[in-house]
Amino acid sequence: MNSLALAWRLARRELRGGLKGFRIFIACLTLGVAAIAGVGSLNQAVMAGLRADAATILGGDVELRLHDRPATADQLAYLERTTQALSATVTMRAMARRAGGTGKWALVELKAVDARYPLVGDLVFDPAREHPFAAADGAWGAAAEGALLRKLGLGVGDRIQVGDATFIVAATIEDEPDQAASVLNFGPRLMVATASLAATGLVQPGAHIHYQYRLSLPAGNDAGTWIADLKETFPEAGWRIRGVDEAAPGIRRFVDRLTLFLTFVGLTALLVGGIGVANAVAAYLDGKTAVIATLKCLGAPGALIFQVYFLQVLVLGLVSVTAGLALGAAVPLAGVAALAEHLPVAPRIGVYPAPLFLAAMFGTVTTATFTLWPLGRACRVPAANLFRQHVDPSSAMPRL
């Protein structure tokens, strides 16, 4: 303890001389830690947004999905009996064009909804209306994304043909609450009523159709228990079941993989910066040759020399790590401002300890790893050799 106290006193006195020789050290470490902390914090912010909006993204408490076939009458009766509310939608890909047989075709994501859709969240149209799908003037109503209308040169009030049916574009879709659950879309959305789907003639054997059933459970009911009862009642149903904990698995996987990749990029930058750390420490110790030689001539053991300069490096490393953590914690603020329109969910801004702790550990380990070698070499060199360092460089190796 006496040795450490003496080492800390000497290290503190040398640190009063300023940070000359350690600017590269601080810059490399700060940027590397900031990169890792920032990527992790942004990931946590997006994940928090997913958890907060899970029910809206999913469209209810539970979603059931069937491919190429709808639920049977018995299954629908069970769902109606055991849930508080049930909404059925049908999605498929189709071709659409201006009614009248002229103009180019466009690939659309066709979505047929019932009167209960959406169970959670708000479906926003322009002009604002409840469900613009009622039949009028001999045609069903439809709502389309603005991109589809621009592509086909249509506007609200024009007619659009899908399969054998003609629809009147009654509104544009401004916000679709469960759109984030579909990461991969091949075309803009066209939304119609479920009752009008048969008129298109597209529901044929072999057609690639998704039947989705979103449901809300009575208050106090546990989704896990309800799902277990459903599986026991219909063990051969073959539907895919998702709860709010899996509201957007595609988004979760994409964000996790992107975070993993960017974390490796940040770690690579930190390791490359570690070389700069080692060079900065070695250059600093070269400038302290006279000081180290004097201490050794006065009887200072190699352990004391090591402690003095390791404490200096550790203090500067902690300062760099702290600065990097502060920058990394602020990344979600900048990320949301720059990427708000491109993110599938609204991130929740906050301070997330886990990624900050991970970045701090990476920064601390990098500091220790890349400074041990030059410090160990300085402790092993005799005082006489230190005085002749410039004319007779020593090749002493650190102790194990």
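Is Arg93 buried, partly exposed or exposed, and what is its relative accessible area? In this predicted model, Arg93 is partly exposed, with a relative accessible area of 37%.

## Overall picture

The protein has 400 residues, of which 45% are buried, and its secondary structure comes to 12 helices and 10 strands. The accessible surface is about 20200 Å², and carbon and sulfur atoms account for 61% of that surface.

Among contacts between residues at least 6 apart in sequence, 81% join residues at least 24 apart. Leu262 belongs to helix α8, which covers residues 249-287, and Leu262 counts as partly exposed because its relative accessibility is 34%.

The whole structure contains 7 salt bridges. In one of them the side chains of Glu63 and Arg214 meet, with a distance of 3.1 Å from N to O. Because Glu63 lies in strand β1 (residues 62-67) and Arg214 in strand β9 (residues 209-216), this pair ties together parts that are 151 residues apart in sequence. Glu63 counts as buried at 1% relative accessibility, and Arg214 counts as buried at 5%. A network of salt bridges links Glu63, Arg65, Arg214 and Arg242.

Arg93, the residue of the opening question, forms a salt bridge with Glu109, and their closest N and O atoms are 3.2 Å apart. Arg93 sits in strand β2 (residues 85-98) and Glu109 in strand β3 (residues 106-113), so the pair ties together parts that are 16 residues apart in sequence. Whereas Arg93 is partly exposed, Glu109 counts as buried, at 8% relative accessibility.

## A salt bridge from a loop

Glu176 and Lys111 also meet in a salt bridge through their side chains, at 2.8 Å from N to O. Here Glu176 lies in the loop between β7 and β8 (189-193), while Lys111 belongs to strand β3, so the pair ties together parts that are 65 residues apart in sequence. Glu176 counts as buried at 3% relative accessibility, and Lys111 is buried with a relative accessible area of 2%.

## Charged patches on the surface

Positive charge gathers in a surface patch formed by Arg9, Arg12, Arg13 and Arg16. Within this group, Arg12 is part of helix α1, residues 2-15, and Arg12 counts as partly exposed at 33% relative accessibility.

A patch of negative charge on the surface is made by Asp122, Asp126, Glu174 and Asp175. Asp175 lies in strand β7, which covers residues 165-175, and with 39% relative accessibility Asp175 counts as partly exposed.

Terms used:
Residues are numbered from 1 along each chain as its sequence is written. This is a predicted model: local features need pLDDT of at least 70, side-chain atom pairs count only at pLDDT 80 or more; totals for chains, interfaces and linings use all residues. Side-chain values use heavy atoms; hydrogens and water are left out. Patches are made of residues with over 30% relative accessible area and no salt bridge: like charges are joined within 9 Å, nonpolar side chains (Val, Leu, Ile, Met, Phe, Trp, Tyr) within 5 Å. Accessible areas come from the Shrake-Rupley method with a 1.4 Å probe; for residues, only the protein chains shown count as cover. A salt bridge is a side-chain nitrogen of Lys or Arg within 4 Å of a carboxyl oxygen of Asp or Glu. Lys and Arg count as positive and Asp and Glu as negative; His and the chain ends are not counted. The place of a charge is taken as NZ of Lys, CZ of Arg, CG of Asp or CD of Glu. Helices (H or I, at least four residues) and strands (E, at least two) are DSSP runs, numbered from the N terminus. Buried means under 20% relative accessible area, exposed over 50%, partly exposed in between (1.4 Å probe, protein chains only). Contact means heavy atoms within 4.5 Å.
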